[in-house]
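Let's take a walk through a protein chain together. Have a look at the sequence and the model first, and then we'll go through them piece by piece.

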Amino acid sequence: MDPQRKLIALWFARIRALLGLKLVLFPGLITKLFIGRTTPVSNAAVRMVGVRDLGLGLGAVAGVREGTQAPEWMGWGAVADGVDALALLVTPGLPKRARLTGLFAAGAAVVGMKLAWELADERASRAIDVATSSERGPERPGAEGAESGEDERAGLAVDAQAGAGD
């Protein structure tokens, strides 16, 4: 995995997890800052989004660090951000700061999906490299022409056995 891309994906996932934790712990403050009005219903909704983002962020961190499932975790996080953006941008009656939050969510969706695609492409190219190297077999130093020499020796051994039986 490209170290630069891995670092960016790791920080993106960590920020998502930390944001999710803040949403869970401080729903009233976050609602007031980013959405507007604070009600028990809005606090509950913000907590639910926080748990979702905490789970997606931690899953993405684990996926990036282990080198497995990172594209899937990053992609589902991007989908969640896209749905958040859509909800905040088209729901009538929300204050302007909610629209601004929707734009940030849309940006996060684009960046997250781009990272997911790049990580998936990287994983696919690694799989292709492994598959092509296993088809060629283990490479040995000085193996050029060794295969034809082995074939000739095998042919001589068969001829010798056939001649010994006569």
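Predicted model: local features only at pLDDT ≥ 70, side-chain atom pairs only at ≥ 80, totals over all residues.

Residues are numbered from 1 along each chain as its sequence is written, and side-chain values use heavy atoms, with hydrogens and water left out.

So what is the chain built from? You'll find six helices and zero strands; here helices (H or I, at least four residues) and strands (E, at least two) are DSSP runs, numbered from the N terminus. Reading from the N terminus, the order is α-α-α-α-α-α. The protein chain has 166 residues, and 27% of them count as buried. Buried means under 20% relative accessible area, exposed means over 50%, and partly exposed is in between (1.4 Å probe, protein chains only). Now think about contacts, meaning heavy atoms within 4.5 Å. Among the contacts in the protein chain with a separation of 6 or more, 67% come from residues 24 or more positions apart.

Next, let's look at a pair of helices. Two packed helices are described by the angle between their axes and the distance between the axes. The axes of helix 1 (residues 3-25) and helix 3 (residues 40-66) come within 7 Å and cross at roughly 155 degrees. Those axes are lines fitted to C-alpha atoms, for helices over the stretch in contact, and the angles run from 0 to 180 degrees between N-to-C directions. Helix 1 and helix 3 are therefore roughly antiparallel to each other, because angles under 35 degrees count as roughly parallel, over 145 as roughly antiparallel, 65 to 115 as roughly perpendicular and the rest as oblique. What kinds of residues make up this contact? They divide into 16 nonpolar, three polar and six charged. For that tally, Ala, Val, Leu, Ile, Met, Phe, Trp, Tyr, Cys and Pro count as nonpolar, Asp, Glu, Lys and Arg as charged, and the others, Gly among them, as polar.

Let's zoom in on some residues here. Leu10 belongs to helix 1 and is buried at 10% relative accessibility. Setting aside residues up to four places away in sequence, Leu10 touches Val61, Val64 and Arg65. Over in helix 3 sits Asp53, buried with a relative accessible area of 4%. Not counting residues up to four places away, Asp53 touches Arg16, Ala17, Gly20 and Leu23.

Arg16 turns up again when we move to helix 4 (residues 70-90), where Asp81 is found. Is Asp81 buried or exposed? At 8% relative accessibility, Asp81 counts as buried. The side chains of Asp81 and Arg16 are joined by a polar contact of 2.5 Å. A polar contact is a pair of N or O atoms within 3.5 Å; within protein, one must be able to donate a hydrogen and the other to accept it, and residues adjacent in sequence count only if both atoms are side-chain atoms.

Finally, Asp81 also leads us to Ala105, one of its contacts. Ala105 lies in helix 5 (residues 96-136) and is buried at 11% relative accessibility.
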